[in-house]
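Subject: Structure handover

Hello,

Please find the structure below, followed by notes on what was found in it. Could you read the notes alongside the coordinates?

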Number of protein chains: 2
Amino acid sequence: MNNFTYYTPTKVVFGRGSEGQTGALVRERGCKKVLLHYGGGSAVRSGLLDRVKDSLREAGLEWTELGGALPNPRLSLVREGVDLCRREGVDFLLAVGGGSVIDSAKAMAYGVAEEGDVWDLYCGKRQARAALPVGAVLTIAAAGSEMSDSSVITNEDGWIKRGYSSDLCRPVFAVMNPELTMTLPVYQTACGCTDILMHTMERYFHPEAGMALTDSLAEALMRTVMESARVLTKEPENYEARAEVMWAGSLSHNGLTGCGAGGDWMTHKLEHELGGLYDVAHGAGLAAVWGSWARYVYRFCPERFARFAVHVLGLPAGADAEETALRGIGAMEDFYRELGMPTSLRELGVAPTEAELALLARKCAAACRGGGGAVRRLEEADLAAIYRMAL
Amino acid sequence: MNNFTYYTPTKVVFGRGSEGQTGALVRERGCKKVLLHYGGGSAVRSGLLDRVKDSLREAGLEWTELGGALPNPRLSLVREGVDLCRREGVDFLLAVGGGSVIDSAKAMAYGVAEEGDVWDLYCGKRQARAALPVGAVLTIAAAGSEMSDSSVITNEDGWIKRGYSSDLCRPVFAVMNPELTMTLPVYQTACGCTDILMHTMERYFHPEAGMALTDSLAEALMRTVMESARVLTKEPENYEARAEVMWAGSLSHNGLTGCGAGGDWMTHKLEHELGGLYDVAHGAGLAAVWGSWARYVYRFCPERFARFAVHVLGLPAGADAEETALRGIGAMEDFYRELGMPTSLRELGVAPTEAELALLARKCAAACRGGGGAVRRLEEADLAAIYRMAL
């Protein structure tokens, strides 16, 4: 069991109508001028943005707006937002949207609070020492950014996708109304559920002895997400299932399911390069490569993969851990297929050339400073092999 | 499913040697003068207090000391602490001990920050609007006060035990080294495990449809605590089991296991009166009355009691929910006996007279403003019947 720090200061206000409390939550922080940051038009069309503005108005707050955050949020918009915040004297960043919008707002929060290029943080040149407070009104259950310390930004110059983590940018509040996620298309919902599962799976797969409590909480969470994801493929407006998935999304990435344990994170690293190069949906990219990663590494901790098969997927334990592990990997891929998720790059709609395969592996290794992973340290040749297995 | 707010800002620093970070954690808050509050001599004898002082010294902090906090912490010491803090210009309350010491420090934190008698909060006369920051170095896994919003104080004038809850006094940090709990006697360890289980059981038993994720997390936590409690009866110095119980103690009372669900809390109310009148160990008092409470109310939500029997105690589900529920209650009492916990007032060492029984019920009803409970609203006559069943 490892020592750990657990820090989740985000105030979660969860349930129907909770967006009406947004203004009061900003005011609690003593802030006055908000940047209202959002993505495409759905928050406008649904009337959500107007309800949030009403709430800010009632709380006596001023705001300025910046829309246009894209999936795999772009550095150029972050820089535009930083300039806007400085010009307008913004002291609070309010993200209305999913993980991309929140990540974009987090990057702006760093950028406004300190001199220097914000990309320096993401490419590892320096550490952040300050950030404006960030709040979130969540509309997509997936990334867990509403309680996490991390954000991921794509630099269009080279299409480099990099993450940065610091407690400074954990949102001060997260408003979560499951009703706001009901209009999300089935494919996006499935992508979200995959991302949520992967945030716990990345923490769950490690070769060391972890913590029994963390393992059992993680397994409970994964089982609940899988059940609710199945419900949502048939009943996208099921409030209960939407709520389970939304809350699981936050708990899956706020640190809870990794306390005292390790963490692998190579599936995310593999996907980040796909997302940077092809702009695929993050959850779908994860599903497309996970099985290949798992088959490449399971031999290095077969007992844990076997435990996953039994405690999460409900398979009978076999006499041989490796055999149980392999059945578990297959069953997880079946589950992804059931949700309509890809389990290969071809199904993801991506057909890398030989040169692109090599580029993906090289960029991924570079992003891990040569290699990474807890189940098994993976270097450029391993990463190339996994991308190839995933074709 | 109910709407909910989840707010756990406490920074948890968990593991071996973590007490060495105490001073740095206080300094992070920008505070300068600490009240070092503790209980009896064990923190002194073990050398813990000296290590904490070293850490404060290294961080350049000043401190003043106040020991003597008792189980069922007393209002008179709280008042003494408030006077001391004002006299010495204390701006941070550091509790080194278990729940009683932390609760005592929380009450002082309210008392120092505002004019007026701090007991007014506990007897419901007013709400707190400010509190000094509180930090904890935990030495007993039980009360969950290190992450909770609540504290319980006993007023010696009438031996009235009352709780008060507010986010203002959630500790800003909790230092948790499982090694610090290893010398706790077997009986106190069992009391702690009982208290931890009860914090989740109070939230788990409710008649409404709750949240599947919350239920499954709660069940995972209860199973882990029961397993670890059994290990600790035989191996009190098992680090892994001490760590599981310690972390479960925090998660059991920080709100996580109640999200979207209800909560009953009548076992705690019943015990509070026992604790106020007889000064019994809190965990033992809970074990002594829980079975009687459960047998009195299970008919009003037999399905939930049956679910508890199956998912927590591992019993086979019977055709009849009431029958499964009763088997579960019996199995839980067997578990308490296995830990050496009482399952009646007699076993608790308490033999109330008729007049005392009436007094307990009257005080308990008064503490709930006439009645309380979610599984079944209980009034004075019900409470008297439960105390009598528990004899």
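B:Leu315 touches B:Ala309, B:Val310, B:Arg327, B:Gly328 and B:Ala331, leaving aside residues up to four places away in sequence; contact means heavy atoms within 4.5 Å. The residue sits in the loop between helix H12 (302-311) and helix H13 (321-338) of chain B. Helices (H or I, at least four residues) and strands (E, at least two) are DSSP runs, numbered from the N terminus. B:Leu315 and B:Ala331 are 16 residues apart along the chain, and their C-alpha atoms are separated by 8.6 Å.

Some conventions apply throughout. This is a predicted model, in which local features need pLDDT of at least 70 and side-chain atom pairs count only at pLDDT 80 or more, while totals for chains, interfaces and linings use all residues. Residues are numbered from 1 along each chain as its sequence is written, chains are lettered from A and ligands numbered from 1 in the order in which they are written, and side-chain values use heavy atoms, with hydrogens and water left out.

On the interface: 35 residues from chain A and 35 residues from chain B take part in the contact. Between them the two chains bury about 3,100 Å², 63% of it on carbon and sulfur atoms; buried area is the accessible area (1.4 Å probe) that two parts lose on being put together, summed over both. In chain A, the residues that lose the most area to chain B are A:Met1, A:Leu213 and A:Trp247, together 19% of what that side buries.

The elements giving two or more residues to the side of chain A that touches chain B are strand S1 (4-14), helix H8 (212-234) and helix H9 (239-253) of chain A. S1(A) gives the most, with 11 residues. S1(A) also pairs with strand S1 (residues 4-14) of chain B in the antiparallel sense over seven bridges, where pairing requires that DSSP finds at least two bridges between two strands. Within this pairing, A:Thr5 has B:Val13 in S1(B) as its bridge partner.

For salt bridges, the rule is a side-chain nitrogen of Lys or Arg within 4 Å of a carboxyl oxygen of Asp or Glu. One of the salt bridges joins the side chains of A:Glu88 and A:Lys33 (3.2 Å, N to O). A:Glu88 lies in helix H4 (residues 75-88) of chain A and A:Lys33 in strand S2 (residues 33-38) of chain A, so the pair ties together parts that are 55 residues apart in sequence.

Regards
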